[in-house]
Amino acid sequence: MNHDMTAVTAADLHSTFEGHVLPGSMFILWALIWMAQRLRQGAGAEQSPTLESGLVLPVLKVVLPLIGVLVEIPGEGWGPTTTLMSLQHVTMYSAFAFTGVIDLLGHRGLLPQATTYLAYAAAQTNAGYLFWGHAIHEGVDGIVHRILAISFFAVAGLAVAEVIRPAAGLGWLRIGAQLVLGTWFILGAWILYLSGWDLSASYNVGRSSMYFSWMFMAIAAVTIGARIRAGRGPGRVAASGA
């Protein structure tokens with residue numbers, strides 16, 4: 001039974017479904033590119049000294065967030081709260097666009113290679129801090145954004161760990177954590193804007209947590225499967241033929 005006095009619905013929120021799906025899709029795309037690179041290289045490949053081993057993803061890191069900035073620029077008639085929500089998204093996108101620039105500079109040897117990992121960790125930490133306070137309601141809105149913030153912090157921590165102790169396994173964990181982050185952006189958007197739930201109901205807070213748990217386990221299975229597949233790829237073939 002819902003004992004909350006006032007029901008909160010999607011109409012009470014000051015952000016949009018698209019505003020969550022766009023960054024979620026961006027993070028999923030980046031994670032899938034990382035995964036594809038790992039699968040192509042095989043398990044025997046050494047970890048790249050820079051976060052990005054090629055130029056495709058650094059360019060996407062600059063271009064896609066800038067598109068997000070243009071989408072999020074407040075329009076006429078927006079209230080103060082809505083504008084604040086939009087500007088927080090703009091801040092997040094700008095930090096990730098900056099990491100693309102750092103990747104390009106690191107790739108050309110103009111910055112220490114570890115800087116690429118640390119810049120990405122800083123952007124993730126910045127976004128986590130913003131999203132921790134992004135929710136304007138408690139209940140479902142609060143739990144969705146708190147989980148997003150924790151996911152940002154997890155990716156940041158793994159990127160720093162890769163600098164301290166480079167290991168292919170940590171790279172796979174980062175990929176999985178980023179998939180969790182991006183997918184929860186999209187699933188959370190559905191919960192907040194399309195599910196029709198009462199967002200103040202304690203019952204629905206529990207449902208949100210349960211859906212995250214199911215999603216987490218599914219992504220863990222996919223990531224582990226990809227890691228096993230990489231172990232049977234080019235690296236293993238080359239080792240057997242040596």
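Is Gln 88 buried or exposed? In this predicted model, Gln 88 is buried, because its relative accessible area is 14% and the cut-off for burial is under 20%.

**Gln 88**

Gln 88 belongs to helix 3, which spans residues 80-107. Its contacts, leaving aside residues up to four places away in sequence, are Leu 130, Gly 133 and His 134.

**Salt bridges**

How many salt bridges does the structure hold? There are four.

| Pair | N to O distance |
|---|---|
| Glu 52 and Lys 61 | 2.6 Å |
| Lys 61 and Asp 103 | 2.9 Å |
| Glu 162 and Arg 174 | 2.4 Å |

Start with Lys 61. Its side chain meets that of Glu 52 in a salt bridge. Lys 61 also pairs with Asp 103, with the closest N and O atoms 2.9 Å apart. This second pair links distant parts of the chain. Lys 61 sits in helix 2, residues 56-72, and Asp 103 sits in helix 3. The two are 42 residues apart. Helix 3 is also where Gln 88 is found.

How accessible are these residues? Lys 61 has a relative accessible area of 0%, so Lys 61 is buried. Glu 52 counts as buried because its relative accessibility is 3%. Asp 103 is buried too, with a relative accessible area of 3%.

Now the pair of Glu 162 and Arg 174. Their closest N and O atoms are 2.4 Å apart. Glu 162 is buried, at a relative accessible area of 2%. Arg 174 is buried as well, with a value of 2%. As for the pairs that share partners, their salt bridges join Glu 52, Lys 61 and Asp 103 into one network.

**Ser 200**

Where is Ser 200 found? Ser 200 lies in the loop between helix 6 and helix 7. Asp 141 is 59 residues away in sequence, and the C-alpha to C-alpha distance is 8.1 Å.

**The largest pocket**

Helices 6 and 7, on either side of that loop, return in the lining of the largest pocket. This pocket has a volume of about 330 Å³. Its lining counts 17 residues, and those closest to the centre are Leu 173, Gly 176, Ala 177, Val 180 and Phe 216.

Which helices each supply at least two residues of the lining? They are helix 5 (140-164), helix 6 (168-194) and helix 7 (202-231). Helix 7 gives the largest share, seven residues.

The lining divides into 13 nonpolar residues, three polar and one charged.

Definitions and conventions
Residues numbered from 1 in each chain as written. Predicted model: local features only at pLDDT ≥ 70, side-chain atom pairs only at ≥ 80, totals over all residues. Heavy atoms only, no water. 1 Å grid on protein atoms, 1.4 Å probe; cavity = no way out; pocket = protein on both sides within 12 Å on 5 of 7 lines; lining within 4 Å. Points joined across faces, edges and corners; volume = space filled by probe spheres on them. Helix = DSSP H or I, 4+ residues; strand = E, 2+ residues; numbered from the N terminus. Nonpolar A, V, L, I, M, F, W, Y, C, P; charged D, E, K, R; others polar. Buried < 20%, exposed > 50% of the residue type's maximum accessible area, 1.4 Å probe, protein only. Contact = heavy atoms within 4.5 Å.
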